[in-house]
Amino acid sequence: RREFIVQVVDDVPTGSTLTESAANVPQADLPLDVDALQLDSDDVFALFEDVAVEQGIWEEGVRYDLELINLDGTSGPIWSVVHPITRAWLFSVDAISGEEVASPYEQ
């Protein structure tokens, strides 16, 4: 959210300023090509359960939330698993390749 702006005139820095946006600017949502998706929600939950058990973050009885999003600036549609109470991001997977990826909001 912060930007450091430097004014340069004829190869000489002549001024600078630090700016900060008043609010977070959300990434633009892009349309989804549903026919291109290779994973459905059941596939994502199965992958997440394996990873969550391995990492010790699986909570029995919790109904985790899913999000399918295609944000501008990401490699394509991404499924994410989010904790329903804390809203903490837990796991993301590329909806086409099936590869585990970072949170789409961090890309």
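A term to carry along: a residue is buried under 20% relative accessible area, exposed over 50%, and partly exposed in between (1.4 Å probe, protein chains only). You're looking at a predicted model, where local features need pLDDT of at least 70, side-chain atom pairs count only at pLDDT 80 or more, and totals for chains, interfaces and linings use all residues. Residues are numbered from 1 along each chain as its sequence is written, and side-chain values use heavy atoms, with hydrogens and water left out.

Select arginine 87 to begin. With 51% relative accessibility, arginine 87 is exposed. Aspartate 65 sits in strand 3 and arginine 87 in the loop between strand 4 and strand 5, 22 residues apart, so the pair links distant parts of the chain. Strands here are DSSP runs of E, at least two residues, and helices are runs of H or I, at least four, numbered from the N terminus.

Next, show the sheet: four strands, open, antiparallel, in the order 3-4-5-6. Strands pair if DSSP finds at least two bridges between them. Strand 3 (65-69) and strand 6 (100-101) are at the edges with a single partner strand each, so one side of each has no neighbour in the sheet.

Finally, select residues 78-82 and 89-94: strand 4 and strand 5 run antiparallel, joined by five bridges. Look for serine 80, opposite serine 92 in strand 5.
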